[in-house]
Amino acid sequence: MDTSGAIDDIGEGLRRYHLATTFGWQDIAQRYRRSRIGAFWLTINMGVLIGALGLIFGTLFRSPMQEFLPFICAGLIVWGFISSSLSDGCTSFISAEGIILQIKMPLFTHVMRSIWRNAIIFAHNLVIFPVIVLMVQAPLSWSALWALPGFLLVSINILWMMLVLAVVCARFRDMTLIVQNLLQVTFYLTPVMWAAKTLPEGAPRYIIEFNPFFHLVSLVRDPLLGQMPEARSWEVAIVLALVGWLLAVVFFGRFRARVPYWL
């Protein structure tokens with residue numbers, strides 16, 4: 001088990017972060033090459049989705065649009081970052097097969113490349129939130145700044161998950177589809193389009209309490225809505241990051257040398 005090799009790979013990837021950021025920007029530019037609007041097409045799609053779901057579910061749940069539309073907007077934007085990052089994490093090594101087999105570069109760079117690409121898209125989508133707030137005249141407080149450390153902690157957690165998924169999916173290609181299906185199920189189990197307070201009495205609370213994605217979403221969504229995330233959400237996210245990174249480093253060290261052969 002080459003744990004030191006895994007730590008060196010991750011450390012080298014962090015030191016040479018410019019490689020990941022350059023590749024990430026290039027991915028976005030290449031994807032929307034010759035498009036006048038560029039990556040904002042994703043923002044337009046997200047805005048249409050938020051508007052449609054907000055009107056439909058807001059009407060079904062009989063929730064005031066001033067509260068429900070910002071809630072579903074923030075939730076979908078954060079969930080979009082989490083789910084797309086994990087999905088891309090599955091193919092981080094597979095899509096970089098040519099580079100991995102020809103150029104000596106930290107494997108962790110390709111994971112960072114994926115999350116940076118999704119962070120750029122997240123920043124584009126985040127533009128929708130103040131527009132929604134102004135449209136429905138919802139209050140916005142300085143507590144929204146707490147979304148920044150919340151997003152950083154979410155990213156730290158997503159990174160170790162992506163690293164593990166990248167290794168697993170390089171070996172078992174069907175895992176990519178399995179993860180995507182699990183993310184779809186998790187989306188409905190996580191309070192993104194519905195609020196935790198709407199759970200009927202007697203409903204099992206473990207759906208929320210033991211759902212790490214609920215706590216991760218809350219760390220960014222709650223400050224944007226003018227609320228401080230619960231202390232439990234911070235605790236879960238911090239413990240998850242510590243334990244997750246410990247296991248991820250051990251796992252990565254065990255199988256890191258085999259990744260090129262699996263590709």
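Which residues form a nonpolar patch on the surface? They are I238, V239, L242, V243 and L247. Before the close-ups, a word on what you're looking at: this is a predicted model, where local features need pLDDT of at least 70, side-chain atom pairs count only at pLDDT 80 or more, and totals for chains, interfaces and linings use all residues. Residues are numbered from 1 along each chain as its sequence is written, and side-chain values use heavy atoms, with hydrogens and water left out.

**View A. A nonpolar patch on the surface, with V239 as one of its members.** Together, I238, V239, L242, V243 and L247 show about 480 Å² of accessible area. Areas here come from the Shrake-Rupley method with a 1.4 Å probe, and for residues only the protein chains shown count as cover. To get into a patch, a residue needs over 30% relative accessible area and no salt bridge; nonpolar side chains (Val, Leu, Ile, Met, Phe, Trp, Tyr) are joined within 5 Å, like charges within 9 Å. V239 sits in helix α13, residues 231-255. Helices are DSSP runs (H or I, at least four residues), as strands are (E, at least two), numbered from the N terminus. V239 counts as partly exposed because its relative accessibility is 48%; the scale is buried under 20%, exposed over 50% and partly exposed in between, with a 1.4 Å probe and protein chains only.

**View B. E12 bridges to R15 and to R16.** A salt bridge here is a side-chain nitrogen of Lys or Arg within 4 Å of a carboxyl oxygen of Asp or Glu, and that rule gives 5 salt bridges. In the E12 and R15 pair, the closest N and O atoms are 2.9 Å apart. These two are 3 residues apart in helix α1 (residues 3-15), so about one helical turn separates them. E12 also meets R16, at 3.7 Å from N to O. How exposed are the partners? E12 is partly exposed at 27%, R15 is exposed at 57%, and R16 is partly exposed at 28%.

**View C. R232 and E209 meet in a salt bridge.** Their side chains come to 2.8 Å, N to O. This pair links distant parts of the chain: R232 belongs to helix α13 and E209 to helix α11 (residues 206-209), 23 residues apart. Both ends are partly exposed, R232 at 37% relative accessibility and E209 at 27%.

**View D. The largest pocket, with F71, A195, K197, L225 and Q227 nearest its centre.** The space inside comes to about 760 Å³, and 32 residues line it. Elements that give two or more residues to this lining are α4 (65-90), α8 (128-136), α11 and α12 (212-224). Which of them gives the most to the lining? That's α12, with 6 residues. Sorted by class, the lining has 18 nonpolar, 7 polar and 7 charged residues. Ala, Val, Leu, Ile, Met, Phe, Trp, Tyr, Cys and Pro count as nonpolar, Asp, Glu, Lys and Arg as charged, and the others, Gly among them, as polar. A pocket is an open set of points on a 1 Å grid over the protein atoms alone, where a 1.4 Å probe fits, with protein on both sides within 12 Å along at least five of seven lines; lining residues have an atom within 4 Å of a point. Volume is the space filled by probe spheres set on the points, which are joined across faces, edges and corners.

**View E. Q137 has a positive phi.** The angle is about 55 degrees, although Q137 is not a glycine. Look for Q137 in the loop between α8 and α9 (147-171). Q137 is exposed, at 64% relative accessible area.

**View F. S233 is a buried residue of helix α13.** Its relative accessible area is 3%. From S233 to F213, 20 residues apart along the chain, the C-alpha atoms are separated by 9.8 Å.

**View G. G47 and F129 are 82 residues apart along the chain.** Their C-alpha atoms are separated by 9.1 Å. G47 has its place in helix α3, residues 40-61, and is partly exposed at 26%.
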